[in-house]
Amino acid sequence: MIELDNIAYSYGGGELLSEVSLKLAPGSFHFLTGPSGSGKTTFLKLCYGALSPTAGQVQLFGKDVREMDREDHAMTRRQIGVVHQDCQFLDHLSVRENVALPLTVASRDSLEQHSNLKELLTWVGLGHRASALPPELSGGERQRAALARAVIMSPDVVLADEPTGNVDWEMSQRLLQLLVELNKMGKTILIATHDLNLIRSAKHHVQARVLRISGRKLQLAGADL
Amino acid sequence: MSTGLQLSKLIMGDAQADRVVPPTGFTARLTLFAAGAMAFLTVFALALSLASGRLATRWGDELAQSSTLRISAPAEQMAAQTAAALTVLDSTPGIASARALSVEEQRSLLVPWFGPDLPLDSLPVPQLIEIVETEEGYDGAGLRLRLQAEVPGAVLDDHTRWRRPLERAAGRLRLLGWVSIGLIGAATAAMITLAANAALAANAQVISVLRLIGARDSYIARAFVRRFTLRALSGAAVGTALGAFSVFLLPATQESGSFLTGLGFQGLGWALLTLIPVLAAVVAYVATGAAARRTLGELT
């Protein structure tokens with residue numbers, strides 16, 4: 001699915017990641033933690049092909065990222081749902097249109113998909129906010145809308161970058177619950193977060209593997225979490 | 001897929017996809033204005049080119065099969081030399097008819113230059129003989145030799161020295177019209193490319209989001225290309241209509257008309273105007289497509 005084999009990534013003359021290997025098994029649940037600036041976002045970008053490693057190999061669904069052309073990248077992005085910390089919406093489109101955007105660009109805008117869209121918005125608790133514009137949403141609503149957009153194509157993998165970064169504890173638990181539900185549907189989940197409380201609370205709901213970036217290396221976090 | 005099919009598919013469009021790229025006021029106005037202004041100018045360039053073509057044909061046709069014999073002789077010999085010249089002309093192969101112009105006809109030719117009160121009787125005005133040729137034409141050199149021998153005061157003007165420069169000038173004007181249309185097309189392409197580049201740069205964030213969610217570059221490019229093509233089409237349609245209306249308001253062609261009074265469209269010439277918005281749309285389609293492919297290729 002997603003496989004990183006002894007990769008390194010350098011930026012601006014400095015090495016940010018080194019000797020990193022990871023294989024995301026189907027249906028697994030991972031947390032990625034580490035201090036701010038440790039390379040969590042870079043790591044996620046490497047996982048969905050937005051960046052190429054400076055050394056080593058990244059394989060997405062069996063294809064080497066370096067050998068993928070733009071068409072391959074577009075197809076791969078439809079199999080990997082990404083939730084950005086800043087959500088990245090098109091502010092001139094409504095929540096409904098933003099969430100449906102992956103369907104629109106994939107030309108899968110059928111009546112059946114519209115019905116799924118309604119269910120999805122209800123599932124993330126935004127059924128009543130479907131016509132709102134993104135700037136009108138609260139932080140939690142934005143994150144839930146971003147999650148809905150990330151999963152509308154029913155991707156195999158969901159990558160979330162600090163999805164609870166701008167929300168209160170109650171909302172972060174709500175988002176976590178949604179991600180756990182997705183995992184129970186068979187989706188592979190990788191969440192980058194520096195919120196250790198979120199990770200601790202997740203242990204009650206899902207069997208998660210916790211990874212930590214420390215000193216440019218990726219390590220399996222210990223029992224201190 | 002052919003360009004025509006691509007264009008028609010593009011114009012039919014996808015309402016949902018259209019909303020993906022936010023409208024940008026500045027580039028929209030620039031494209032509409034550029035297409036409209038250029039279409040307006042194209043109407044005049046086309047009118048100039050078509051009028052020049054008609055002028056060249058008219059001058060060629062009117063002067064090609066006619067000649068003028070001018071007899072300058074003392075008044076007492078004028079009638080005899082005119083009669084001798086007509087005899088020579090009547091017996092020359094290739095001449096269909098020859099006719100001495102009456103005093104009134106000669107006066108009417110001079111009126112534009114000297115006014116209506118010209119005392120023609122008191123002036124040593126040469127006698128003019130109008131010669132109409134057959135399709136085969138006559139031997140100009142042979143006729144000149146015969147006239148030299150039999151009518152010493154006769155000068156044959158077969159219009160060649162008038163016709164050729166006039167035809168050449170009309171041909172140059174026509175070429176100028178087409179070159180103008182080409183330049184206008186190139187300028188339109190350049191302006192629309194600039195507007196498209198500005199729109200693409202202004203929407204870098206939108207492009208980034210679209211790529212994030214799996215949009216192909218061809219999808220992103222199409223959203224921009226469709227918008228610019230339709231803007232160019234509508235802008236050019238308005239410009240063409242205004243240009244056509246302005247040409248329509250020009251004075252009508254007159255029999256004795258100068259060049260400008262004939263600067264209009266005739267018959268199928270009006271139909272050619274419908275091609276201007278279509279060509280503007282094609283230019284916008286090609287220019288925006290190239291700009292989008294280049295910009296998307298450069299964006300990581």
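Student: How confident is the predictor in chain B, going by its mean pLDDT?
Tutor: This is a predicted model, and in it chain B has a mean pLDDT of 84, with 89% of its residues reaching 70 or more.

Student: Where in chain B is confidence lowest, and where is it highest?
Tutor: Confidence is lowest in helix 1 of chain B, residues 3-12, where the mean is 63, while the highest value, 91, belongs to helix 9 of chain B, residues 217-248. For the model as a whole, the scores are ipTM 0.84 and pTM 0.70.

Student: OK, and how many helices and strands does chain B have?
Tutor: Chain B has 11 helices and four strands.

Student: How many bridges join strand 2 of chain B to strand 3 of chain B?
Tutor: Five bridges join these two antiparallel strands of chain B, strand 3 being residues 127-133. Within this pairing, Ser97(B) stands opposite Val132(B) of strand 3, and Arg99(B) has Glu130(B) in strand 3 as its bridge partner.

Student: And what about strand 1 of chain B with strand 3 of chain B?
Tutor: Strand 1 of chain B, residues 66-71, pairs with strand 3 of chain B in the antiparallel sense over six bridges, and Ile71(B) has Gln127(B) in strand 3 as its bridge partner. As background, strands of a sheet pair through backbone hydrogen bonds, either parallel or antiparallel.

Student: Switching topic, what domains does the assignment give for chain B?
Tutor: The assignment gives domain 1, made of 3-60 and 165-298, and domain 2, which covers 73-152 of chain B. Taken over C-alpha atoms, the centres of domain 1 and domain 2 of chain B are separated by 54 Å.

Student: How many residues of chain B are in contact with chain A?
Tutor: On the chain B side there are 15 residues, in contact with 18 residues of chain A. Helix 2 (15-18), helix 8 (204-212) and helix 9 of chain B are the elements that each give two or more residues to that side, and helix 8 of chain B gives the largest share, four residues.

Student: How do the residues on that side of chain B divide into nonpolar, polar and charged?
Tutor: The side of chain B that touches chain A has 10 nonpolar residues, two polar and three charged.

Student: Over to chain A, what is the phi of Phe61(A)?
Tutor: Phi of Phe61(A) is near 50 degrees, which is a positive value in a residue other than glycine. Phe61(A) lies in the loop between strand 4 (55-60) and strand 5 (63-64) of chain A, and it counts as partly exposed because it has 14 C-beta neighbours inside 10 Å.

Student: Where is Ser154(A) found?
Tutor: Ser154(A) sits in the loop between helix 5 (139-151) and strand 7 (157-161) of chain A. Although Ser154(A) is not a glycine, it has a positive phi of about 55 degrees, and with 13 C-beta neighbours inside 10 Å it counts as partly exposed.

Notes:
Residues are numbered from 1 along each chain as its sequence is written. Chains are lettered from A and ligands numbered from 1 in the order in which they are written. This is a predicted model: local features need pLDDT of at least 70, side-chain atom pairs count only at pLDDT 80 or more; totals for chains, interfaces and linings use all residues. Two strands pair if DSSP finds at least two bridges between them. pLDDT is the predictor's confidence in each residue, from 0 to 100. Domain bounds come from an automatic or database domain assignment. Two residues are in contact if their C-beta atoms, placed from the backbone, lie within 7 Å. Ala, Val, Leu, Ile, Met, Phe, Trp, Tyr, Cys and Pro count as nonpolar, Asp, Glu, Lys and Arg as charged, and the others, Gly among them, as polar. A residue is buried if 20 or more other C-beta atoms lie within 10 Å of its own, exposed if 12 or fewer, and partly exposed in between; C-beta atoms are placed from the backbone.
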